[in-house]
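Trainee: Before the terms are discussed, may the sequence and the structure be placed in view?

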Amino acid sequence: MSRPVAKDARNLALILLFMPFALWILLLIVLPHIGMFVLSLKEKVAPRVYEYGFDNYINFAQEPIYWNTLLRTGTVSLLVTFLALLIGFPVAYYIAKIAGKRTKGALFLLCLIPLWVSDLIRAFGWILLLRETGVISSALQASGIINTPIEMLYNDATVVMGLVYTVVLFMIVPLVSTLDGMNDEMIEAGYNLGGNGFTVLRRIIIPYAMPGIVAGCIVVFMLSAGSYLTPILLGGKNSSWFTEQIYDQFISRYNWESGAAFGFVLLLFTSIVVWLGLKLSGQTLSSTVAKS
Amino acid sequence: MNTSNTVSDLACSQISKCFGSVQAVDSVSFDIPPGSFFSILGPSGCGKTTLMRMIAGFESPDNGDIHIKGSSVLRIPPNRRNVKMVFQHLALFPMMNVYDNIAYGLRCNGSSRSDINKKVHEVLERIALPDVANREIHQLSGGQKQRIAIARCMVLDPDVLLLDEPLGALDLKLREAMKIELKLLQHQFNTTFVYITHDQSEALVMSDHVAVMNEGRFEQIGTPQNLYHHPKSAFVAGFVGDSNQWSGKVIERTSESITVACGAGFDAQSFATDMTSAGIGDHASVYVRPEHIQVELANTDPTVRVNTVNSIVGHIDSLLFNGANSRVLVRDQLGELIEADITLTGSHDDPKPGDAVTLSWAPARSLCF
Amino acid sequence: MKAILSSAVVALSLAAPSMASAETLRLLTWGSYAPDNLVKMFEEKYPDIKVEVTFSNNEEMIAKLRATGGAGFDLAQPSHDRIYAAQLEYDIYKPLDLSKIDTSNMEAKLLDGVKANTTIDGELYAVPHQWGTSGLMADKSMAPDLAGWGDLCDPKYKGKTSMRLKRTILLGTAFAMGEDPFAAYSDLDKYQGILDKVADKLISCKDNIKAYWKGGDDLSAMMLSGEIVASETWDSTAYKLYAENENIVFVPPSTGALAWIDTFAFPRKGKADDAAYKWINFVLETENVKLMSASTGAMAAVKGAKDLLPDDKKAAVNAAFTDDDVENLQFFANIPPGVEDMEGKTLEKIKAATGG
């Protein structure tokens, strides 16, 4: 008699424990997405008259401007991911393997500091530095290196730099945590068995850090492809970004239906890129993102 | 131990290493003849790992020189020294399978694909694991990992194989089995093994020669038997094998024997050795191994006693039954515990806790420092 | 269970009196359209009304009200050309009662204009509040000859001009090319033809542009630092810069500055209509108009509004506008459904084109 009651109580406790999490997932993630998906299937035929269909998606496919922008966003985000890896890896290696215990914490904190200010402020910081009459240009002029002001703002390189700056931390954190778990013996064994620095890096350190690398790349790619402020504020005349197009659809053109469709296209696109990345690197989601 | 007509595989002369103010290794010198099993035995923190890392090239000595096969290796980076190392946690590469782990070193030195294939399979045969080439590391048992770690080094045909307490992580039963296996592998490959351990039984069982290390220095180098029976210092006597130890003052010294008043109600007489220069009145320590102590029930006829000197009376505190290696703990009149080996036959006249006993040993069996 | 119930009752009874005693007026308006001093004065005059302000812009106002079907706010301030289509499409406003508003002081021309724009099925949906123009801005010491929209594409200012990639520049460029885009609103095919021509022109102009500005702040920074010498602009931004550098003036384009009127409109599910009428009448009082204009930098839709501007703004307006310019104003026409989409596509095309 008492056992079923205890079991019920335990089940109830379990349900109550998971309730907030389940509600959170359901209310804040699942439901809005379903709503957006339904919205994306609506077509406006006349004021206050809608029909269901795939027109919004077809429109996307038929308009080269849209998918060119999407491809551009994807390519630039991949570049950002690659650069973030290139910059983040040595930093993470230094923090995890070379720095002392106390320096480690300080360095980690230093990496975190940029996150204490908002995206907007960070972008304005870059603007102040890079504009034609900005700090760097003026300093270069004052030091006599250049004699006419140079404009370093409003081009794709600035966007890439701003994005790398914003996302590199999300590369460093998973890398530090995987590299931290790597026994130093492993690296020494790599040398001891005859490997030079490059072999040890390529055959041992990188394969070992692969879960962290993939996790970092996924996060960084997603963040970069989904970012809005940095590409808008630092970008130049030709730097269109896909999120800007979603915003325009929603806000400037009152076209929520097509904006929702664009949102799903972006979600699908980034998911495919991530899936391809996982396939090519031979990793799984559970061995990378879920692990770190 | 060094014959002049062969070049030793590994020779260190006067090497020292400081970390800040800590003298980790203090002018250590030794020579290892080809094909022998050499152990460095010492408590943790004695500098043995630093010594090994200097041989492997991960640290460079402040002073002294290291020769492998007769030539100095100080200027050779670790990846080009023909000294391979089995790490404490083995450091097998988890992202590679067994084959790739073993092939790693061969690939690094640029062997051809067919050569690699042949050598990997040969070495797997030799360690009696011919079928594991395609397994992942996590699919191996502890003992198998051990052997793969050794094979990974041996496939490169090193001049010296260093082993850094590789048995530490194994459970007791496996450790016992691996001791024997390591020794056999060493014979089979006929390569010089340098084995680091803090476990004296590992060192004694496997080694041809053992160096006992303490506080950065070598206390004594010798065969296991030599170390066990003829320790040259109090540290070696205490560290290698079990010993009962008393300290006291020398009260008598002749050309043949030394007598120490141990304050435990008896005077210990030892045969004089050349190891102690203690004169009358000096402090000295006496070491007696449990297996050299004779245990007799107090009611035994005094005339049949084996030893006439060095006897203590006490009561049996407890019996430690371990088959042929059974031991008895005897509490003397001062309350100190003394260990002695006995044979328990299982009959009713075996000693029991509480029995009064007399312990004794021959002066030749006790050591005084 | 009982405990939960009783505590809920306590909570309700605590909340109820405060709800009854103070009405909340939720304003959805532009930044600077509800200055703190005015809000404070209003709350002192009507102690039982509490004002809550949300700053926004035309597009976001519509998006916000659309999301809730017109709930969440009691008074909104969209521009006059953004009401008709939004109401037809999304039904987010409710008609207002003009008799509750003191219109005696209002500039009749503006009131009639707004009436014409925002009357649907005989019901009026908005009254004017502030008005201003979009046009050009130039640093007279560097670009003294700038006169029309097309001059932004003049090669002698190469790399030194800016514009905002929004519908204003499309309309302005259309006027500069001799078209009347507002007249073409009734014939969307014709309008598309105009837009295509405008797009070609602005794409070929791209090389001349330093960057597209996104808000008043980056425009001001570029202009003040001298990185650009001329730009498309809101007049209020130009007036602010005039206060800092007298060479920077607002230039009404030769084809006429584009005039907008920000209005008052009632969201469909607004709850505090009376308070909203009180606010409208309050800010139309002459003394309060002065305070409002000082904050917005725009002119109020009341008689003699220019004289109610603060002195520095008045000087800036006098430096910019002649009486002819005022006569020449082009008021934004109601945006028919579908035009936003056409314009949006054109803007995307311009943005995506790589140089000219």
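**Contacts between chains and between domains**

Mentor: In this predicted model, 22 residues of chain A and 25 residues of chain C take part in the contact between the two chains.

Trainee: What makes a residue of chain A or chain C part of the contact?

Mentor: The criterion is a C-beta pair within 7 Å, so the 22 residues from chain A and 25 residues from chain C are counted on that basis.

Trainee: Which helices of chain A supply at least two residues each of the side that touches chain C?

Mentor: They are helix H3 (64-98) and helix H11 (242-252) of chain A. The largest share, five residues, comes from H11(A).

Trainee: How do you know that domain 1 of chain C is in contact with domain 2 of chain C?

Mentor: The cut-off is again 7 Å between C-beta atoms; 19 residues of domain 1 of chain C and 16 residues of domain 2 of chain C are in contact, and the domains are therefore said to touch. On the domain 1 side, helix H4 (84-90), helix H5 (108-118) and helix H13 (311-320) of chain C give two or more residues, with the largest share, six residues, from H13(C). By class, this side has nine nonpolar, five polar and five charged residues.

Conventions:
Residues numbered from 1 in each chain as written. Chains lettered and ligands numbered in written order. Predicted model: local features only at pLDDT ≥ 70, side-chain atom pairs only at ≥ 80, totals over all residues. Helix = DSSP H or I, 4+ residues; strand = E, 2+ residues; numbered from the N terminus. Nonpolar A, V, L, I, M, F, W, Y, C, P; charged D, E, K, R; others polar.
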